[in-house]
Amino acid sequence: MTSAKSKNFKWSLDFTRSKHEKSTDNVSPPGYSQLAGQNGTELSKDSESSRLIIKKSWDLALGPLKQVPMNLFIMYMAGNSISIFPIMMVGMLIVRPVKALFTLQTTFKTIEGTQAWGQKFIFFIGNCVNIVLALYKCQSMGLLPTHASDWLAFINQPTRMEYSGGGFILS
Amino acid sequence: MVSKIILTVLLCSVLFTVNGLYEDQAGKFDWKQNYVGEVKFSSIDVDVTTKRLYVATEKNVVASLAIETGDIIWRQILEKGPEGSIELIHPTKSKIITVSGVDVIKVRGWDVKDGYLHFEWSTETSNVLYLFVFNGLLHNVYSSNNLIAIDTYHLETGVKGKATYTFPAHWFNGFDRCALSSGSLACFDVAGQLNIGSLIKSNTDRLSLDMIGDKIVAIPGSPIPAFIVTNTNVEKLVYVKENKVQVRSLTTRSSSFIYTYMADRHILLQISSPMQDTIVTEGSILEDSTVIESLSSKESKSSLKISNPRISSAFCGRSKANTVNCVTLVSTQDQSLMLLKMPGSIKWHREESLTNIINVELVDLPVSDIEAAIEKEFGNKESGAFSMFVRRLFSQLQQLRTLFATVLGIIESPSETTGTKSNLVRDQFGLHKIIVAVTSAGKLFGIDNLNGEILWSVLLCGVGTFYENKVNGLPSAPMHLQRNSKHLSYSPMCTLLLKSEDSENTVMFTFNPINGESKNGVTQLPYRVVQAVPLPVLNIESVRSLILFDSTNSPHLYPANTPLSSKPPPMYIYIANPTNGLLQGFTVDVLISGKVISAKEVWKTQFNKPTQIIAIGSRDAMEHVHSQGRVLSDRSVLYKYINPNMVAILTLAPDTTHKSVLTLHLLDAVSGIIIYSVVHKRASHPIHLIHSENWLLCSYYNDKTRRTEIASYELYDGNQLSNSSDFSSVGGSLIPPIVEKQAYILPGFLQAMKPTITEKGITSKHILMATTTGHLLEVPWAFLDPRRPLGEPKEEGAIPYIPELPMPSESMINYNKSLMRVDGIYTTPSSLESTCLVFVYGLDLFYTRVAPSKTFDVLKEDFDYLVIIIVTTILLISAYVTKNLASQKALKQAWK
């Protein structure tokens with residue numbers, strides 16, 4: 001008996017327990033294991049997903065910076081001649097980061113947390129780097145109006161302060 | 001090798017910018033009129049198979065004209081100047097023989113049919129008094145050692161005749177007192193006797209007659225010796241018949257001609273013009289003064305404007321009705337040529353004075369009535385709302401009506417028809433203008449620029465005489481367009497400066513350039529104008545006033561005492577005197593009230609003898625410079641030095657070592673500072689100068705290398721713009737501009753040179769060059785650019801320096817219409833930025849238009865309007881149809 005008591009089988013019901021001996025713990029229904037419903041694993045699972053989210057959002061934030069080497073390569077391959085394909089590439093190089101900057105809020109809408117601000121900043125910096133790169137490309141292609149000659153057409157003919165006329169004497 | 005290929009490619013790429021003309025474009029927007037010049041000698045060939053006229057003119061041209069129409073059948077141009085001046089023509093059965101030249105007389109025989117040269121011989125002569133042909137021998141009458149000697153030559157071979165006749169020379173006393181007619185010389189002697197002696201045979205008797213006269217003139221082409229003696233306005237006809245001198249008094253002042261009618265009967269034809277629009281002819285038998293009724297006529301035509309008609313040659317015959325008929329070739333003082341049928345009328349009329357154009361202006365036409373109505377509607381602001389609305393409705397109704405009429409073909413659109421007065425309206429692109437030409441014969445012409453038709457002509461007879469250009473001795477006619485056609489309430493106004501005929505003062509002749517009308521247009525000024533400069537502002541009557549400088553250097557304003565619309569900026573006037581080499585600059589104060597206070601001399605430059613000022617080059621007042629700089633290969637800017645007050649002065653001085661030295665001075669007309677000077681040694685005439693934008697071109701004949709060279713100069717401010725907003729010649733920095741210079745060789749000789757000009761100055765500049773070979777060459781300025789790189793080109797698109805200028809046949813814009821004896825080229829902008837109108841004058845008139853940067857603002861002529869209309873309509877229709885189909889399909893899908 002004592003052994004049975006001590007053994008306390010899983011599937012055994014002990015109807016011998018006295019009233020006083022009434023244990024504080026109720027008997028779980030058959031097939032119910034308290035361990036199965038334990039909260040410990042649940043807690044560990046929660047921390048794992050948030051870590052993933054942070055990882056993912058960092059990926060997102062660092063994306064533009066990761067594109068830089070690729071962009072550099074494209075720029076190198078495109079060359080400095082002005083023709084349709086290099087122009088299209090440079091256009092894409094400019095338009096994409098600008099678009100990304102405009103949609104910054106929507107991109108980071110789902111992302112919350114302590115690091116969100118930093119991620120946004122990094123994302124912003126990355127896009128800015130891309131824009132600067134694109135502008136550099138424009139500059140090397142000669143597309144930026146940075147020279148005096150680019151503004152030549154806007155210089156007006158100076159007004160005359162004095163008028164002159166004449167010629168050979170009429171005789 | 002590679003560089004050569006690059007060079008060829010570059011050259012080709014530049015050549016493609018030169019506008020060639022397609023075959024079907026020839027004559028589409030250009031026209032050419034051929035002229036012969038003022039007729040000196042003529043002869044009528046009435047052979048039924050040919051029916052031609054032969055003329056020799058002051059322009060050294062021998063030509064054959066059709067009697068029926070006056071068209072030129074053939075034309076031969078002899079040497080320019082006195083070497084080619086025709087002294088005599090002699091028609092034979094198959095040839096026209098001309099004798100030309102002064103010291104070396106050249107005798108040439110031309111085929112009557114086609115003008116080919118049959119023979120030519122020449123001989124040296126000196127002191128020639130007269131030349132005449134008798135019996136197939138050319139008689140050369142000359143004076144030597146107090147004798148009048150006569151050499152004879154066989155006309156066709158030039159073989160000298162046997163003897164040289166001589167006469168005592170004492171009774172030859174000047175061309176005024178002597179005349180030669182039909183081989184007889186008539187001279188007044190000191191005792192008041194008229195001696196007539198034949199020069200054909202040495203031993204003829206001398207006839208003499210008691211007669212006093214001021215002047216004796218031979219009747220040209222007379223078969224018997226006949227002279228007109230003028231004595232204090234009384235004219236007498238003196239003629240020799242059967243060795244007897246006969247005198248007949250003439251009643252009217254008229255030109256006479258004697259024609260052998262029958263063996264011993266001569267007809268005296270007389271022609272006069274008592275008024276500009278009337279011609280009176282008279283015919284009589286010379287011997288017995290019987291008037292021939294059929295030859296007497298009086299004709300009046302309002303379109304006719306003639307002065308002093310002169311019969312050049314005549315032919316008479318008897319008609320079926322047994323009356324005498326004559327055909328006379330009449331030339332007038334205003335250099336027109338006409339064929340007069342007696343009895344009858346003028347068969348044709350040629351305006352040969354157009355070979356002597358001295359000044360040209362292309363004037364815009366006024367807007368059409370409808371457009372004027374619209375402009376007035378917006379111009380009139382004080383009228384009420386309702387009346388404005390009514391006027392608006394009315395003008396739109398009118399527009400609608402013309403639109404319908406145009407569409408239905410009742411009236412043609414104004415740009416297509418020309419000539420009639422109602423169609424003289426401005427077209428959309430400003431291509432239709434009127435050419436106002438002043439000729440040295442004293443006749444003004446208004447010519448339609450689209451077809452060359454003469455719209456009006458005005459004879460300046462009795463108004464005044466022309467000023468004289470002291471540099472080349474030719475007449476000059478300063479003309480100013482004082483009011484253009486843009487001012488609706490006023491008619492356009494053009495002013496010509498003339499010298500008074502009876503005093504030293506100046507006459508202003510004001511006329512409307514559109515129709516030639518002149519109401520109270522002659523203004524006698526009480527002073528003599530030595531310079532006229534238009535003001536930059538208009539007066540309240542929209543007239544561009546002229547500052548007139550008189551001979552005492554005091555200024556006047558014309559029209560005087562009319563207030564100006566705004567305060568004029570400070571005015572500076574420079575006057576160059578080629579006779580004493582003095583250059584003076586004055587400042588003039590003009591008040592807004594239209595009063596001129598005074599002129600002060602500001603600067604003075606003297607060119608000492610023997611240096612002579614030969615040309616002044618100033619920029620065209622209409623010119624705009626669009627780009628203020630030039631982009632270099634490193635994308636920096638070289639700013640142009642554009643000084644609107646800068647003028648180029650060319651001086652020529654003889655030199656002991658270098659023959660002649662040509663100097664170019666760039667002078668600021670306001671401050672008198674010489675900005676730059678350059679010397680060309682051994683340079684001589686012909687010299688042409690162009691000054692435009694910030695560059696100059698000077699062409700000259702290089703005596704050392706014996707070729708025409710064009711020196712090109714370009715002025716730059718540097719890499720910094722000194723003052724962008726306004727330009728002042730005084731008080732500014734005195735940093736001299738950078739001058740780029742280069743010389744080019746032109747494989748030919750220039751007659752005239754002119755740059756193209758466009759409205760805004762965006763279009764690149766081309767230079768039009770008329771060469772002595774008759775070509776009109778359009779050379780891009782890029783070829784004459786002094787910055788053409790030596791060696792490898794550093795700048796993109798720069799053409800490497802090659803001294804010889806190319807003369808590709810594609811750039812000859814007059815294609816096969818050769819232009820001989822070009823006097824000048826006139827260029828003017830149209831309303832289209834791409835197009836520049838060109839008028840070339842000289843012996844021939846040529847008008848065309850050029851587009852230096854191609855017609856970038858107009859659709860091409862062969863643009864397919866139909867296809868574009870069809871394509872757009874089809875696209876529109878299909879878009880609607882597919883839209884409907886798509887919506888139907890969507891509806892069906894939704895119900896499924």
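These legends accompany several close-up views of a predicted model.

The model is predicted, and local features are described only at pLDDT of at least 70 and side-chain atom pairs only at pLDDT 80 or more, whereas totals for chains, interfaces and linings use all residues. Residues are numbered from 1 along each chain as its sequence is written, chains are lettered from A and ligands numbered from 1 in the order in which they are written, and side-chain values use heavy atoms, with hydrogens and water left out.

**View 1. Chain A and its elements.** Chain A holds five helices and two strands, where helices (H or I, at least four residues) and strands (E, at least two) are DSSP runs numbered from the N terminus. Along the sequence these elements follow the pattern α-α-α-α-α-β-β. Of the 171 residues of chain A, 21% count as buried, a term that stands for under 20% relative accessible area, with exposed meaning over 50% and partly exposed the range in between (1.4 Å probe, protein chains only). Among the contacts in chain A with a separation of 6 or more, 70% come from residues 24 or more positions apart, a contact being heavy atoms within 4.5 Å.

**View 2. The interface of chain B and chain A.** On the side of chain B, 55 residues are in contact with 24 residues of chain A. The size of an interface is often given as the accessible area lost when the parts come together. The area buried between chain B and chain A is about 3,200 Å², and carbon and sulfur atoms give 56% of this area; buried area is here the accessible area (1.4 Å probe) that two parts lose on being put together, summed over both. The count between the two chains is one salt bridge, defined as a side-chain nitrogen of Lys or Arg within 4 Å of a carboxyl oxygen of Asp or Glu. In a salt bridge, the side chains of D150(A) and R635(B) meet at 3.2 Å, N to O. The elements of chain B that give two or more residues to the side touching chain A include β37 (493-499), β40 (529-538), β43 (571-577) and β46 (612-617). The largest share of that side, seven residues, comes from β43(B).

View 3. Strand β4 (residues 61-66) of chain B is mostly covered, since six of its six residues are buried. From β4(B), V61(B), A63(B) and L65(B) point one way, while V62(B), S64(B) and A66(B) point the other way, and all are buried. Strand β3 (residues 52-57) of chain B pairs with β4(B) in the antiparallel sense over five bridges, where pairing requires that DSSP finds at least two bridges between two strands, and R52(B) stands opposite A66(B). Three residues lie between the strands in this hairpin, and N60(B) takes a positive phi near 60°. Five bridges also join β4(B) to strand β5 (residues 72-77) of chain B, and these two strands run antiparallel, with V61(B) standing opposite I77(B). The hairpin of β4(B) and β5(B) has five residues between its strands, and G70(B) in the turn has a positive phi of about 85°.

**View 4. An open sheet of four strands in chain B.** The order of the strands in this open sheet is β10-β11-β12-β13, with antiparallel pairing. At the edges stand β10 (128-134) and β13 (165-168) of chain B, each with a single partner strand, so one side of each is left without a neighbour in the sheet. Strand β11 (residues 137-144) and strand β12 (residues 147-154) of chain B pair in the antiparallel sense over eight bridges, and V141(B) stands opposite I150(B) in β12(B).

**View 5. The surroundings of N449(B).** N449(B) is placed in the loop between β32 (443-448) and β33 (454-459) of chain B. With a relative accessible area of 0%, N449(B) is buried. Its side chain reaches the backbone oxygen of L431(B) at 2.8 Å. Not counting residues up to four places away in sequence, N449(B) touches several residues, including W31(B), L362(B), H432(B), L837(B) and Y847(B).

Key
Polar contact = N/O pair within 3.5 Å; in protein donor to acceptor, adjacent residues only side chain to side chain.
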